[in-house]
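Reader: Hi! Could you walk me through this one? I'd like to start with the domains and then look at the chain contacts.

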Amino acid sequence: MSATTESELLRLDDISLSFKGVKAITSISFAVKAGEICALIGPNGAGKSSLLNVINGVYQAQSGSITYAGQARRRMRPHQAAERGIARTFQNIALFKGMSVLDNVLTGRNLKRRSSWVEQMLRLGRAPREDDEQRLHAEHIIEFLRIHPWRHVLVGTLPYGLQKRVELARALAAQPRLLLLDEPMAGMNAEEKGQMSQFIRDINREFGTTVVLIEHDIGVVMGLCDHVVVLDYGRKIGDGTPEQVRANPDVIAAYLGTRRSRAESH
Amino acid sequence: MLYREAGQLSTSYAMERRTFRLRQDRVGLWLLLGFAFIAVPWLGNDYWFSAILLPLLVLSLAGLGLNLLTGYAGQLSLGSAAFMAVGAFAAYNLQLRVPGLPLLVSFALGGVIAALVAVLFGLPSLRIKGFYLLVATLAAQFVVEWVLTRFSWFTNDNASGVITSPPLLIAGLDFSSPRGRYLLTLAVVVVLFWLGKNLVRSELGRNWMAVRDMDTAASVIGIRLFKAKLLAFAISGFYLGVAGSLWAFAYLGTVEPHGFDLSRSFQVLFIIIIGGLGSVLGNVLGAAFIVLFPILLANLFGLLPGGLIDSGQLENLQKMLFGALIIAFLIKEPEGLARLWQRFRQRARIWPLRY
């Protein structure tokens, strides 16, 4: 189990994180295979978002190591994570509110630019051709996620569900190998959840992107994901296929169990 | 009806990317430039050149400099006048100590030196933001003013600290007349505005806005915050430095530290707030407001029968009225004059229809 296999894209070993003595994550280890959709589930405050923040360098873990694409490391800055192909969305939409949908998606491609700002300012050299290339790529993503009617609209004026999709588009524009989604379906109705699940599945199949997502809706998780990791109070209590996790007594007790006990009390 | 947009379709990304996509806008811009370069020098008088147009142009440029930093990159600064002073004194000393250096080259080098100083005072922005950064940049204001008055080398050991700027000679032509100074300033300002407009629409401009709107998300998509912020300070410093040279050489005609005191920094800040943060045109509108309104008020008060209010109080009254007008305007339109113009243009595009 400890040997890194070819198909593993991401592997966490014994990761711990605390904030001024308050433990958020306690020695968590798990691995994500290339090309799979992996869900992190668990009650509020279980450390799911913190774990995503550790993976892409927003937080630095106090101990443990992360192996990504065959390279192990302790610390990484967020822009280094981006350079190595990790993109993400946030729980509370983190779009650039003063910019249009198109500009937001284009910022997702900032690492693909080769021309300097001087060339861009003078509109010389590589800049104009590159502008066309980046625009074309951004348009592909915009059409893929069907947000083209709003491409010139300021994102701050869009409804919530669309903003979520724009944020996904911005992350996708970077052509990531690993996509981290923090509650992509939070606050959505059943129809919107279905749509978003479909988009995530399409991204996974068409671009071969590995996805790690946090989601509270167990129905969605069981239907969408190949692999589920369950956290509770900063510890891992379950890890496996949806079927395995569903049958795990610890998971039932800590997470799904609340529902059963309520059912019993009736 | 003013805007006949029918048939003006973009058939390539390059066409859609144009700064002015509509033919009417482009024609309007060329007419305006023609008016400013040909008609104004022909029709204008010395009073208009020296008292209105020169400060308007230079302050627009300074406004753009600060707007790149504050309106686009989201970094607050109260050091604008300090960077203008660095530019002006650097250009003056280069003229003085490097024989044969062309004037425009010394303006540009002055801008580069101001950029370096701005980067130095921008370093705290990597750690602090908002009002704390404002206070840190305030340090630039005090340090620069102190250095320039304390060390007489900068003022060439001049006893009064006030130096008459050298004649404005470019390629053998003398631009020292009010008309010449206006044309020189206009040319520099137009070129720098064109570059600034390109800049904010480029990748760097987008990165700046990303840092302004949500810096965590910006770093997560791969934007290097420290590079984006320091470049904002550098480019802003360059613009302010060139504006400072123009202020001293073309407008005041003297180079003195007190032309660049804290109230000048506030003036530039007011210009971008009234004009509109995150706008290029707004700087011109804001500068026009700041320069023209007091003059307009003074003229209106001049119409009052003499002796009604004594002149000392009249001046105070003007300042109070000006302040009240700024407050009233900002309550009505917090996003500034640029937004007002945008809305007017939107209306004009569909006029006489309403929606």
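Author: Happy to! Keep in mind that this is a predicted model. The domain assignment of chain A gives domain 1 (1-85 + 176-266) and domain 2 (95-173).

Reader: Thanks! How many Å apart are the C-alpha centres of domain 1 and domain 2 of chain A?

Author: Those C-alpha centres lie 28 Å apart. As for contacts, 10 residues of domain 1 of chain A meet 8 residues of domain 2 of chain A.

Reader: Nice. Which helices of chain A each supply at least two residues of the domain 1 side there?

Author: On the side of domain 1 that touches domain 2, α2 (78-83) and α7 (190-206) of chain A each do. The most comes from α7(A), with 3 residues.

Reader: And what are the residues of that domain 1 side, by class?

Author: They divide into 7 nonpolar, 1 polar and 2 charged.

Reader: Switching topic: how many residues of chain B are in contact with chain A?

Author: There are 24 from chain B, in contact with 31 residues of chain A.

Reader: Last one: how does the chain B side split by class?

Author: The side of chain B that touches chain A has 12 nonpolar, 7 polar and 5 charged residues.

Technical notes
Residues are numbered from 1 along each chain as its sequence is written. Chains are lettered from A and ligands numbered from 1 in the order in which they are written. This is a predicted model: local features need pLDDT of at least 70, side-chain atom pairs count only at pLDDT 80 or more; totals for chains, interfaces and linings use all residues. Domain bounds come from an automatic or database domain assignment. Two residues are in contact if their C-beta atoms, placed from the backbone, lie within 7 Å. Helices (H or I, at least four residues) and strands (E, at least two) are DSSP runs, numbered from the N terminus. Ala, Val, Leu, Ile, Met, Phe, Trp, Tyr, Cys and Pro count as nonpolar, Asp, Glu, Lys and Arg as charged, and the others, Gly among them, as polar.
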